[in-house]
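Keep the sequence and the model in view while reading.

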Amino acid sequence: MSSKRRREDIIKMLVEENRAIKGTELASLFGVTRQIIVKDIAILRAEGKNIIATPDGYIYNKDVNKVKSIIAVNHESNKTIEELEIVVKYGGVIEDVIIEHPLYGEIRGNLMIKNLNDLNKFEKEFKNKKAKPLSNLTNGIHLHTIAADSEEDIESIKKELDEKGFLL
C-alpha cells in the first residue's frame, strides 16, 4: 500500500469512527510503525485535515459548525471535575486547557471531552496517573476552548461557572 493510500484510509477511518483511535492501533492495522503514523498525521494536518491528538488517540474534529468561546477560569485543583461537569451538562465540549506559563509561554493540552462518559474516563485516568492539572502551574488560572450548539448554551455554561465562582 502506498503512503498516499494509507493516509486516505486513515482520514476515512477517523471521519467514520465515533471514537479516538490510538496511533499504535493505526500502526498495527496498516503494518507500519507508530512513528510512520505520526508522520502521516502531520502530513494530513498540513493538508488542512482537522485531526486532533487526544490522550485517547486521534480524532477528526467534526464540530466545525459549533459556536466556540474561550473562557477564563480560576479554581483549586480539587474543583477540576466539578468545573468540567458544568460545561458537559449544557452540551458543551471542552476542547482544551490553556495556561500562560511565565517561562514557556502558552501551554495547551487537548482534552476533547464531549460528554459524561468522556469526563468519567478523563477523571479515572487523572486519578490512576496521579496527574496534576496544568493550572497548578498558574495558581489555578487557566483557559478552556469550549464548543456548543448555540450561543445560548455557551451563555448557560458561563452563567453557572460564574455562579459557582469559577469564571474570571
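This is a predicted model: local features need pLDDT of at least 70, side-chain atom pairs count only at pLDDT 80 or more; totals for chains, interfaces and linings use all residues.

Contact means heavy atoms within 4.5 Å. Helices are DSSP runs of H or I with at least four residues, strands are runs of E with at least two, and both are numbered from the N terminus. By class, six residues in the contact of α4 with α5 are nonpolar, none is polar and two are charged. Here Ala, Val, Leu, Ile, Met, Phe, Trp, Tyr, Cys and Pro count as nonpolar, Asp, Glu, Lys and Arg as charged, and the others, Gly among them, as polar.

Two packed helices are described by the angle between their axes and the distance between the axes. For α4 and α5 the angle is about 165°, and the axes lie 10 Å apart. Axes are lines fitted to C-alpha atoms, for helices over the stretch in contact, and angles run from 0 to 180 degrees between N-to-C directions. The pair therefore counts as roughly antiparallel, a term for angles over 145 degrees.

## The nonpolar cores

The largest nonpolar core holds 19 residues, and I94, I113, F122, I146 and L161 have the most contacts inside it. Such a core is a set of buried Ala, Val, Leu, Ile, Met, Phe, Trp, Tyr and Cys residues joined through side-chain atoms within 4.5 Å; buried means under 20% relative accessible area, with a 1.4 Å probe and protein chains only. With five residues, α4 supplies the largest share.

Which residues does I113 touch, leaving aside its neighbours within four places in sequence? They are L84, V88, G92, V93, I94, D118, L119 and F122. A second, separate core has twelve residues, including I21, I37, L44 and I51.

K130 is exposed (over 50% relative accessible area), at 70%.

N139 is in the loop between α5 and β6. N139 is not a glycine, yet its phi is positive, about 55°. N139 is exposed, with a relative accessible area of 72%.

## Notes on the values

Residues are numbered from 1 along each chain as its sequence is written, and side-chain values use heavy atoms, leaving out hydrogens and water. Local features need pLDDT of at least 70 and side-chain atom pairs count only at pLDDT 80 or more, while totals for chains, interfaces and linings use all residues.

Terms used
Angles under 35 degrees count as roughly parallel, over 145 as roughly antiparallel, 65 to 115 as roughly perpendicular and the rest as oblique.
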